[in-house]
Amino acid sequence: MMPTFASNLDALGQWRVATDAKLADLARFAREQDLLNEASAEWFEAMRHRLSGEKLMVAFVAEFSRGKSELINAIFFSDKGRRMMPASAGRTTMCPVELGYDAQDPVGLSLLSIDTRLQAASLAEFRLQPQAWTHIALDLSNPDGMAHALGEVVRTRLVSKEEAKLLGFWDDERVEDNPPLQDGDKVEVPVWRHARINLPHPLLKRGLVVLDTPGLNAIGTEPELTLGLLPQAHATVFILGADTGVTKSDLSIWRDHLCGPALARFVALNKIDSLSDPLSTPQQVEDVIVRQCESVAQTLEIPPEHVFPISARQALAARLGGDAVGLRASRLESFETALSEGLLPKRRQMLADSAIDGARQFQSQLGRRFGELRRQHAEQLLELRGLRGKSTGKVQLMLQRVQAEATEFEQCTARLSAMRSVHSRMLKAALHDLSSDRLRQEVDVLGQVLGGSWLPLGAKKAFVDLCGRLRLLIEQAQQRNDETHSMLVASFAKLNAEFGFSLLAEQQLDVRKYTDDLTLIERNYVQYLGLSQAFRLAQPGFQEQFRRMLISRLRVVFETVSNDIELWNKTASAQVDSQLRERRRNFKRRYESLDRIQSASNELDTRLQEVQAQDERVLQLQTRLNTLVEELVSQAQAEVVLAGHEGHASVSDYLKAAHIEPISLNLSGADEVSQGA
């Protein structure tokens, strides 16, 4: 049986766990041997958090009745024989749903009231306010009770047009997008703005987050969704109906919200089973499917191979019934292969590269430190062996020489203090233009354009100019850090020559790569500043949401750049403190050794043995360090082994081990199975 997206994701999870274990071994060794400085400890903590806690978000986007819920079931949750997110006839929800798992939160459903749209706080800010959410516990052993509780996400209420306008569900300028009026000129709106379902499913525990984005009306009226969650998704799956092709509303979703790049984009042409015709030959049906795929590709302006014809209903039924022939006929496996290959290897490679690069740098730092210690031991052994048969007066002269060398060495402290002062000023200058205040100032310039007229037609140019200025700020930070690197190279060379240090400036930092993140943000957001969005952008509420979400996204980029620069500088300066401390310890050990030899003639051989033992221990530490790093590199570079093979447990095995029963969740009520969902 072909590997599924679920089995590939679970295999990636196994790789992450194994790689994190090797990283933990390396960190534990360094901590136990007192080899971990502040900068290295920060890197280990950040890297382990990425391996264990970083989420992988896959967003499913479709108009209602496209079979979205059934596709989610077929891809992720068919391993135990029952639907996790079943489709059923009825009213679709306009409430976006996140399905994931966080061990820090209780299992359950969290709901954010639609009335929070009237407040200035963003969804990201509300995530940090537990009291703003309505929490409903979910009993994993009671599927019926869970289905009833999750029915909350489809609840709606009737409000006046004025209230609907304030909430963002009514626009006098875009009448065609407004929902139909109910009795008494009332507008039906959702009770909830956002839903989060926290469940300990193995795939969700591996870091998967499934984002269910229901319908054009919900996407178009929720700025947090369009400006925040969708652009941040690692992959987007846009679902169309094979029986309908690209409808007007489908095209609106694609052009307005999905044409910007993501890590991976996929178009699923669902319900190909509905094209079957008893009066047509199989080849004729296949020709119809091919023509539909070509038509969709032409309309969406994408290559035909990026359109995947599937039958989610047929695939789910086949997996539940163990029907290999039906599964092949559904063509889901080809789509899953593309989804896996387009997303998971890139994610694994990024994590592997980060882990390997950091471990190699740590190995290099400690290698220099071990080399310096062994050089000092060699000098001390040579010095002690030269005392064999020497008089007490000779030992006294050696004591005086050690004192003189220590006094001369301490002269370096003034030089180090001056270097640190210059280094601190240069670091402060490099970080100055990356602060939140400077970022807010730059965004405020865009805000003046947006708020300067009722119809901000110059917004797109102002936004492009803003992104250009932000790229320049990152470039300036790069140049200043390059100057810091040059200063440290020159200073270290002088300190090494005059005081016997073995300082080495770290490899130059490259933060220009983060301009790619700015480019991605620009391409995702610029579509909301075009003429087609001008009326919506003219609304003060949408403008404020746009500004807050933009600052939030940009702050992540700038904080990442700042953190990288700070960590690089900490790492570069930490070796100075380490070598200074070791040299002082060495002078103290030499003096104490000679003093003991002077007071007792039989101490010389004992001290020689002690120094030799210390040198052997350093050699053992270096060997152990190299072994741990090579094991980490080997694991990080290892091919991902599919779950269920080579001794790994399957998803079903994980469910059994976790005592999780298959459950049936009624989330959207949007898609009708009888229509070929």
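Leaving aside neighbours within four places in sequence, Leu-26 is in contact (heavy atoms within 4.5 Å) with Phe-44, Ala-359, Phe-362, Leu-625, Leu-628, Val-629 and Leu-632. The model is predicted, so that local features need pLDDT of at least 70 and side-chain atom pairs count only at pLDDT 80 or more, while totals for chains, interfaces and linings use all residues. Residues are numbered from 1 along each chain as its sequence is written, and side-chain values use heavy atoms, with hydrogens and water left out.

Leu-26 also belongs to the largest nonpolar core, a set of 79 residues in which Leu-26, Phe-60, Leu-71, Phe-76, Val-237, Phe-266 and Phe-335 touch the most other members. Such a core joins buried Ala, Val, Leu, Ile, Met, Phe, Trp, Tyr and Cys residues through side-chain atoms within 4.5 Å, where buried means under 20% relative accessible area with a 1.4 Å probe, protein chains only. Helix 14 (residues 332-385), helices being DSSP runs of H or I with at least four residues, gives the most to this core, with 15 residues. A second, separate core has 59 residues, among them Phe-409, Leu-439, Leu-473 and Tyr-514.

The axes of helix 1 (residues 5-32) and helix 2 (residues 38-53) come within 9 Å and cross at roughly 165°, the axes being lines fitted to C-alpha atoms over the stretch in contact, with angles from 0 to 180 degrees between N-to-C directions. Helix 1 is therefore roughly antiparallel (over 145 degrees) to helix 2.

Technical notes: Helices (H or I, at least four residues) and strands (E, at least two) are DSSP runs, numbered from the N terminus. Angles under 35 degrees count as roughly parallel, over 145 as roughly antiparallel, 65 to 115 as roughly perpendicular and the rest as oblique. Buried means under 20% relative accessible area, exposed over 50%, partly exposed in between (1.4 Å probe, protein chains only).
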